[in-house]
Amino acid sequence: MNVVIFGAPGSGKGTQSEKLIERYGLHHISTGEVLRDHIARKTPIGQIAKTYINQGQLIPDSLMIKILEEIIDNEPKAKEGVILDGFPRTIPQAEALNRFLAKRGQKIHHVVGLEVPEEELVDRMIKRGAQTGRADDNLETIQNRLKVYHESTTPLRDFYIKEGKYRPIKGSGSVEEIFGHIAEAIETATEKESPNF
Ligand code: AMP
């Protein structure tokens with residue numbers, strides 16, 4: 001099973017990914033974490049990524065798609081099922097992902113969309129910034145990230161609704177409560193697609 005966890009910055013994608021990994025044994029790929037790791041190791045990709053991330057902008061599609069494809073191809077566990085956290089973030093990334101998976105006889109099964117009110121997103125990211133020191137969790141960058149999310153990433157919701165893969169989830173409440181809704185949505189959709197699952 002391949003899952004995309006989708007939602008605005010601060011919507012809880014990382015937290016819920018951990019729960020999904022625990023329950024379904026998926027391999028976690030967080031493009032934000034991959035990029036932060038490149039920055040920490042001062043690699044050439046890290047040098048490029050840093051300028052975009054610090055401004056709250058997206059890394060260009062061509063580079064991001066190449067990075068993602070290399071990760072999937074070089075990770076043997078990815079064949080058993082992945083949870084993609086932070087990718088795709090644009091329509092061209094989603095289209096590239098579909099083509100890439102189709103070539104390998106695979107597909108995305110579920111897109112879990114965490115829906116959280118905007119004021120709550122800002123509060124959560126400010127708190128995370130204070131706790132972790134994450135460089136892009138400051139008010140100015142948060143506002144840019146939300147603007148970019150609305151412009152470039154929200155169209156993916158309709159893209160995946162049309163593909164019949166979008167599972168909307170109310171992303172406010174306790175971690176356990178939200179995860180309960182996610183598991184229920186995934187299992188209901190899986191049963192509908194293959195009743196003998
Ligand atoms: P995240 O940890 O998912 O919030 O990502 C942190 C930052 O990494 C984003 O604000 C972007 O600058 C960059 N980034 C992560 N994933 C992508 C992606 N799929 N496309 C472009 N930029 C990305």
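A salt bridge here is a side-chain nitrogen of Lys or Arg within 4 Å of a carboxyl oxygen of Asp or Glu. By that rule, Arg 157 forms a salt bridge with Glu 115, and their closest N and O atoms are 3.0 Å apart. Arg 157 lies in helix α8 (residues 155–162) and Glu 115 in strand β4 (residues 110–115), so the pair ties together parts that are 42 residues apart in sequence. Helices (H or I, at least four residues) and strands (E, at least two) are DSSP runs, numbered from the N terminus. The structure holds 13 salt bridges.

A word on the model before we go on. It is a predicted one, in which local features need pLDDT of at least 70 and side-chain atom pairs count only at pLDDT 80 or more, while totals for chains, interfaces and linings use all residues. Residues are numbered from 1 along each chain as its sequence is written, and side-chain values use heavy atoms, with hydrogens and water left out.

Now let us turn to the ligand. Around the ligand are 16 residues, of which Thr 31, Arg 36, Gln 57, Gly 86 and Gln 93 come nearest; a residue counts as near if one of its heavy atoms lies within 4 Å. Helix α2 (residues 31–40) gives the most to this shell, with 4 residues. By class, the shell has 6 nonpolar, 5 polar and 5 charged residues. Here Ala, Val, Leu, Ile, Met, Phe, Trp, Tyr, Cys and Pro count as nonpolar, Asp, Glu, Lys and Arg as charged, and the others, Gly among them, as polar.

Which atoms meet the ligand's nitrogen and oxygen atoms? Polar contacts are pairs of N or O atoms within 3.5 Å. An N or O atom in the side chain of Thr 31 is 2.8 Å from a ligand nitrogen, and a backbone N or O atom of Ile 59 lies 3.1 Å from a nitrogen atom of the ligand. For a ligand oxygen, a polar side-chain atom of Arg 134 lies 3.1 Å away. Taken alone the ligand exposes 480 Å², and the protein buries 97% of that, with areas from the Shrake-Rupley method and a 1.4 Å probe.

Most residues other than glycine have a negative phi, and most peptide bonds are trans. Lys 42, in the loop between α2 and α3 (44–55), has a positive phi of about 55° although it is not a glycine. The peptide bond from Phe 87 to Pro 88 is cis, with omega near 0°.

Note on methods:
Polar contact = N/O pair within 3.5 Å; in protein donor to acceptor, adjacent residues only side chain to side chain.
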